[in-house]
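Work through the exercises below with the sequence and the 3D structure open beside you, and try each task before you read its solution.

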Amino acid sequence: MKTAIATVSISGDLKEKLAAIAAAGFDGVEIFENDFLAYDASPREVGQMVRDHGLEISLFQPFRDFEGMPEPQRTRAFDRAERKFDLMQDLGTDLVLICSNVSPISLGGIDRAADDFRALGERAAARDIRIGYEALCWGRHVNDHRDAWEIVRRADHPNVGLILDSFHTLARKIDPETIRSIPGNKIFFVQLADAPQISMDLLYWSRHFRNMPGEGDLDVTAFMRAVAATGYDGMLSLEIFNDQFRSGSARSISADGHRSLVYLMDQVSRVEPDVRIAVPDMPERISVNGIEFVEFATSDAEADSLGSVLQTLGFAKTGQHISKKVELWRQGDINIVLNTEHEGFAHSSYVTHGTNVCDIGLKVEDAQATVARAKALGASPFEQAVGPGELQIPAIRGLGGGVMHFVDRKSELAKLWEVEFTPVTEGSSAEDAGLTRIDHVAETMGYGEMLTWLLFYTSIFETEKTPMVDVVDPAGLVRSQAVENSEGTFRITLNGAENYKTLAGHFLMENFGSAVQHLAFETNDIFASAAALLKNGFKPLTISPNYYEDLDARFGLEEDFLDAVKSHGILYDRDDQGGEYFQLYSPFFGEGFFFEIIERRGGYSGYGAANAQFRIAAQKRHMRAKGTPKR
Ligand code: MG
Ligand code: MG
């Protein structure tokens, strides 16, 4: 497959953009005219610079307000086009995008537009230039790809073709299936963009909120399936106008873009027969059966205090690594690994972030296949030297500096704990608290990076994203969205901090970008767990009595029940189907890390979003009481 991206999609000057685009693996660029005009080099120099990066100029864009003009504007439009043809020849590209006219003086009329395109096609042919016509969804007379196609069809010129843009089709809710009746050879170029579903003016929505395929809510896959069915085998190009992307990291946004196209075509080729675009070979999205382990990088001293916290939570130290300073703590199906090695990845993670979750191990069907898919989608494999008797566990670098390992049951990895750990027999003084498994891992990142994480997880793993919710922190909003599988055995919540005064932002800053801010353990009986925790000396986060007053007002609870949740500091939520959610929080460990204990009843599938702001307020009170310097 050949991929391109419009220069307008990313930040930087033209040179920085090209470097990032080339590094991400694209074949070409759309030169957005303003990026060229703002850059101080001749068209020939810019063309050479693009080719020096190993890229081609796949498209020059946009040429506006061409078709259906009255005189004298019509003659002027043709003259203007000739000037741009000169420029294109100097740049070294043969395809220009003409978007449908938005001028109030344009006359409309399908045949008039077709005549204009036929005449311009003649002039273009003389210079070996091709012109592609795109229907802007806010075009004055043409705002639908079906009308643009009718104009191209009637123009009936070999140098005149159609340009399709998923945003313009899907934003107007035009059925993408209508693309299937267009001949593939008359589609000169395909632009792809997704967008979150927001009700607003089409032009504003398009110019500010587009995002990469798979990051938004539009059915870009259905659009691309229809395009593929026509036999189209040309460029797939991203044209993404997004305020955040234009101020974000050019490298990271470009990498996301390339990943989104590979992922899109992977999905399309699995359901659409005879796709003529060659798609990289990779296993299907990986189904995750649960979290095998969570590993903390820590120091000797902090490992002791983390161990004490784990004891109050009912964990027992059950294993010691055969050769490394690595301990296994276990309860139910939860494996927590504490790594205090003085070399290797965990150590460098500790040096950078302090005590933090540096590694997550996932249970999958086939660990090698998981790495193969992740690599095909641009993730970096991770390897470090293994000692004698240790297993080489397949792994990739995650985001936020962490690592993800993959463990399966079909290889020697099934015996990971037996092979690498010696059982520890000394009894634990702690009482098992009935915690059974990891329900979710909560990760924090800057708001501007959330889409990167979302795409990373949804493209590699068989997961879906939940709608984004706003969590109110007294110091600002935190956006929260989950990535989860349908079985509920793999749940990651993503929390995007807009500033450093929020709890999430504070955590990010104090831990230098560490990602995992809390771990939620599941119990089948929250009250029994709470009682056991109390015996172990666990002190739950103190929740304001006002919260319970409100809870009672909202749900009309039995008095005994209300007393029970209140006395244990348990937060409660209920969904419309009667599903119930119970949450119990630990105080902070270090700068803003914490544990959560949850119980789900009756199929509750959320994360207690309604409770988040009360939890945050309680945590901020706790932080102040502890005397943590306030920022
Ligand atoms: Mg476009
Ligand atoms: Mg949670």
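Two strands are said to pair if DSSP finds at least two bridges between them, and the helices (H or I, at least four residues) and strands (E, at least two) are themselves DSSP runs, numbered from the N terminus. This is a predicted model, in which local features need pLDDT of at least 70, side-chain atom pairs count only at pLDDT 80 or more, and totals for chains, interfaces and linings use all residues. Residues are numbered from 1 along each chain as its sequence is written, chains are lettered from A and ligands numbered from 1 in the order in which they are written, and side-chain values use heavy atoms, with hydrogens and water left out.

**Exercise 1.** Describe the closed barrel and the pairing of its strands.

Solution. First trace the order of the eight strands, which is β1-β2-β3-β4-β5-β6-β7-β8, with parallel pairing. Then take one pair as an example: β7 (residues 187-192) and β8 (residues 236-238) run parallel and are joined by three bridges, with S237 in β8 as the bridge partner of Q191.

**Exercise 2.** Which protein donors hold the magnesium ion (ligand 1)?

Solution. Donors are N, O and S atoms within 2.8 Å of the metal (3.2 Å for Na, K and Ca), and since water is not among the atoms, sites may look incomplete. The protein donors are E134 (OE), D165 (OD), Q191 (OE1) and E239 (OE), at 2.1 to 2.2 Å from the ion. Along the chain, their spacing is E-x30-D-x25-Q-x47-E. E134 belongs to strand β5 (residues 130-134) and D165 to strand β6 (residues 160-165), so this pair ties together parts that are 31 residues apart in sequence.

**Exercise 3.** Are E134 and D165 buried or exposed?

Solution. Buried means under 20% relative accessible area, exposed over 50%, and partly exposed in between (1.4 Å probe, protein chains only). E134, with a relative accessible area of 3%, is buried, and D165, at 2%, is buried as well.
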